[in-house]
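Me: I've got a new model to go through, and I'd like to keep it simple. Let's take it one question at a time.

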Amino acid sequence: MPRRFHDAEELLPPATALKRALAIIYDGLISIAVLLVATWAYTMVAGWITGWDTYEQMAEAGKLSGDPGLTFVLFLVLYIFFAYFWTRAGQTLGMQVWRVRIENLDGTSVSWTQSLLRYGTASAVVFLAMLGGHYLGAITLLLTVPAIIALFYPINGLSITDRVSNSVVVALAKPTKK
């Protein structure tokens, strides 16, 4: 059941591009830590299943680089991390610091499907940027940096991820002191 943050008639202002960018940077740093822990756990499980000696031989031979299982696990862990926060409180830790929240236009929390649409859209653009950088070299920065900025930059208050997921990132007022 969606959580209601405020009345449907109350409209909060859209978050500015600067606040969005700062929250993305903050959450990016947290994501690195989450991915490190997930990689460690995956390595422990994979080493235990295949046997530590065999796993060590595979690592030394370079057979573990580009492991699709690890890639899938990391993609899934990161989606669960973001979707959990977005569906519960509408805010990740970085969004809480910069006082922005993802919500539906009626003031309710987003669903897991909407979270998947947001995450999938952002992941697809970043993946294409990395793929272009790998195959075409540094010249793709001329195309990919503006594409990534356009992905999150709000035009008329909505970014591309907002439009795809039918949600909005709003700015929250400073809490009043008692």
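Me: Does Asn-166 count as buried or exposed?
Reply: First, this is a predicted model: local features need pLDDT of at least 70, side-chain atom pairs count only at pLDDT 80 or more, and totals for chains, interfaces and linings use all residues. Residues are numbered from 1 along each chain as its sequence is written, and side-chain values use heavy atoms, leaving out hydrogens and water. Buried means under 20% relative accessible area, exposed over 50%, and partly exposed in between (1.4 Å probe, protein chains only). Asn-166 has 53% relative accessibility, so it counts as exposed.

Me: What's the phi of Asn-166, and where is Asn-166 found?
Reply: Most residues other than glycine have a negative phi. Asn-166 isn't glycine, yet its phi is positive, near 55°. As for its place, Asn-166 is in the loop between α7 and β2. Helices (H or I, at least four residues) and strands (E, at least two) are DSSP runs, numbered from the N terminus.

Me: Which loop holds Arg-99, and what is the phi of Arg-99?
Reply: Arg-99 sits in the loop between α4 and β1. Its relative accessible area is 27%, so Arg-99 is partly exposed. Arg-99 is a residue other than glycine with a positive phi, near 55°.

Me: How many helices and strands does the protein chain have?
Reply: Follow the sequence and you get the pattern α-α-α-α-β-α-α-α-β. Count up the elements and the protein chain has 7 helices and 2 strands.

Me: What share of the residues in the protein chain is buried?
Reply: To picture the chain, its C-alpha atoms fill a box of roughly 60 × 40 × 30 Å along the principal axes. The protein chain has 178 residues, and the buried part comes to 32%.

Me: How far does α1 reach from its first C-alpha to its last?
Reply: The expected span of a helix is 1.5 Å times one less than its number of residues. α1 has 34 residues, and its expected span is 50 Å. The reach in the model is close to that, at 47 Å.

Me: Which residue makes a polar contact with the side chain of Arg-20?
Reply: Arg-20 lies in helix α1, and at 7% relative accessibility it counts as buried. A polar contact is a pair of N or O atoms within 3.5 Å; within protein, one must be able to donate a hydrogen and the other to accept it, and residues adjacent in sequence count only if both atoms are side-chain atoms. Leaving aside neighbours within four places in sequence, Arg-20 is in contact (heavy atoms within 4.5 Å) with several residues, including Phe-152, Pro-154 and Asp-162. The side-chain partner in the polar contact, at 3.3 Å, is Ser-159.

Me: How much space lies in the largest pocket?
Reply: On a 1 Å grid over the protein atoms alone, a pocket is an open set of points where a 1.4 Å probe fits, with protein on both sides within 12 Å along at least five of seven lines; lining residues have an atom within 4 Å of a point. Grid points are joined across faces, edges and corners, and a volume is the space filled by probe spheres set on the points. For the largest pocket, that gives about 1,200 Å³.

Me: Which element gives the most to the lining of the largest pocket?
Reply: Of the 33 lining residues, the closest to the centre of the largest pocket are Phe-82, Tyr-119, Ala-122, Val-126 and Phe-152. The lining divides into 25 nonpolar, 5 polar and 3 charged residues; here Ala, Val, Leu, Ile, Met, Phe, Trp, Tyr, Cys and Pro count as nonpolar, Asp, Glu, Lys and Arg as charged, and the others, Gly among them, as polar. α1, α3, β1, α5 and α6 each supply at least two lining residues. With 10 residues, the one that gives the most is α1.

Me: Which residue just after α5 takes a positive phi?
Reply: The 25 residues of α5 should span 36 Å, and its end C-alpha atoms are 35 Å apart, which agrees. Its buried residues include Tyr-119 and Ala-122, and what covers the buried residues of α5 includes α6 and β2. Just after α5, phi is positive, about 85°, at Gly-137.
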